Amino acid sequence: MDKLTLYIANKNYSSWSMRPWMALTAAGVPFEEVLIPFDDAGGNPKFREISPTGRVPVLHHGDVRVWESLAIIEYVAELFPDKGIWPKAAADRLVARSVSMEMLSGFRALRGACPMNMRRPKGKIELPVGLGEDVGRIKTIWEELRARSGGPFLFGDFTAADAMFAPVVNRFDVYDLVTDAETLAYMDAVKSHPAWTAWRDAALKESWIVPSDEA
Ligand SMILES: N[C@@H](CCC(=O)N[C@@H](CS)C(=O)NCC(=O)O)C(=O)O
C-alpha cells in the first residue's frame with residue numbers, strides 16, 4: 001500500500017489538523033506527518049500547493065487527495081477496518097458519526113471566541129452570547145455517551161469521536177469554562193491519552209506565534 005502522508009499546521013493552534021492526527025495515532029495507523037506552519041499574515045501559500053481548499057488537514061495517498069478532517073478519518077477507517085477508528089457496534093457508530101458531524105458543523109460561538117491553544121496558560125476571557133449554549137450541549141453529549149458506554153471515553157475505548165472533540169477539551173481547559181466533576185473526568189481521560197500527550201509535547205516545543213489565535 002502507498003504510504004499515507006498527513007499534512008497539518010501548527011500543533012499549538014491547528015484544531016482541524018489535530019483531529020485526524022489523533023484518530024490515526026490513537027488507532028496505530030502508520031502515516032507520515034508533514035507540518036506546514038501558518039503564515040502570520042493570514043494563510044500560507046504552500047497550503048494551496050498541497051490541498052484543493054488551501055486548508056489543512058489534507059491526506060495524500062498515492063494519487064489520492066482527501067481533504068476535510070472527518071473525510072480523512074472516514075477514508076482511513078475504510079482502509080483499516082480492523083483498527084477500531086470508529087466504535088465496533090453499528091448503533092454506536094451512527095451516534096459517533098452524528099456527534100462528530102455536529103462538532104464539524106457547529107459550536108461556532110465556542111470555536112470563534114476560544115481558539116485552540118495548547119500553550120495558553122489557564123485563564124478566563126470575556127465570553128460572547130451563545131457560548132454557554134455550546135458548552136452546555138457539548139457537556140450533555142459527553143455525559144450521555146459516557147453514561148451509556150461506561151467510559152472512560154465516549155464509546156468506552158478511544159475512537160474518532162473523541163478525536164473530533166479533543167480540541168474542545170483544550171478550549172474548556174485553558175479558558176477555564178467548566179468546573180463539574182463529570183466533564184473534568186472526561187477531559188482528564190483525553191488529556192492522559194498518549195496521542196494527546198504526544199501532540200501537546202510537540203506543540204509546546206513550537207515557537208511560532210499566531211496573534212489572531214491568542215485570545
Ligand atoms: N472543515 C475543515 C476546516 C479546515 C481548516 O479550516 N483548516 C485551517 C487550519 S485549522 C486552515 O487550513 N487554515 C488555512 C489558513 O489559515 O491559511 C476541516 O475539517 O478540515
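Let's start with two helices. Helix α1, residues 15-27, packs against α3 at an angle of about 15°, and their axes lie 9 Å apart. Axes here are lines fitted to C-alpha atoms, for helices over the stretch in contact, and angles run from 0 to 180 degrees between N-to-C directions. So α1 and α3 are roughly parallel to each other. The cut-offs: under 35 degrees is roughly parallel, over 145 roughly antiparallel, 65 to 115 roughly perpendicular, and the rest oblique. The crossing of α1 past α3 is right-handed, meaning the near helix is turned clockwise from the far one by less than a right angle.

Some ground rules. This is a predicted model, where local features need pLDDT of at least 70 and side-chain atom pairs count only at pLDDT 80 or more, while totals for chains, interfaces and linings use all residues. Residues are numbered from 1 along each chain as its sequence is written, and side-chain values use heavy atoms, with hydrogens and water left out. Helices (H or I, at least four residues) and strands (E, at least two) are DSSP runs, numbered from the N terminus.

Now the sheet. It is open, with 4 strands in the order β2-β1-β3-β4 and mixed pairing. Two strands pair if DSSP finds at least two bridges between them. β2 (32-35) and β4 (64-67) are the edge strands; each has a single partner strand, so one side of each is left without a neighbour in the sheet. On average, neighbouring strands are turned by 20° against each other, direction ignored.

Look at β3, residues 58-61. It runs antiparallel to β4, joined by 4 bridges. Val 58 sits opposite Trp 67 in β4. The two strands form a hairpin with 2 residues between them, and Gly 62 in the turn has a positive phi of about 60°.

Pro 57 is in the loop between α2 (46-50) and β3. Another runs from Gly 151 to Pro 152, with omega near 0°. Pro 152 is in the loop between α6 (131-149) and α7 (160-174). Phe 107 is not a glycine, yet has a positive phi of about 55°. Its place is the loop between α4 and α5 (108-113).

Last, a pocket. Among the residues lining the second largest pocket are Phe 80, Trp 86, Arg 93 and Arg 97. Two elements, α3 (69-79) and α4 (90-105), each give two or more residues to that lining.

Key
On a 1 Å grid over the protein atoms alone, a cavity is a set of points where a 1.4 Å probe fits but cannot get out, and a pocket is an open set with protein on both sides within 12 Å along at least five of seven lines; lining residues have an atom within 4 Å of a point.
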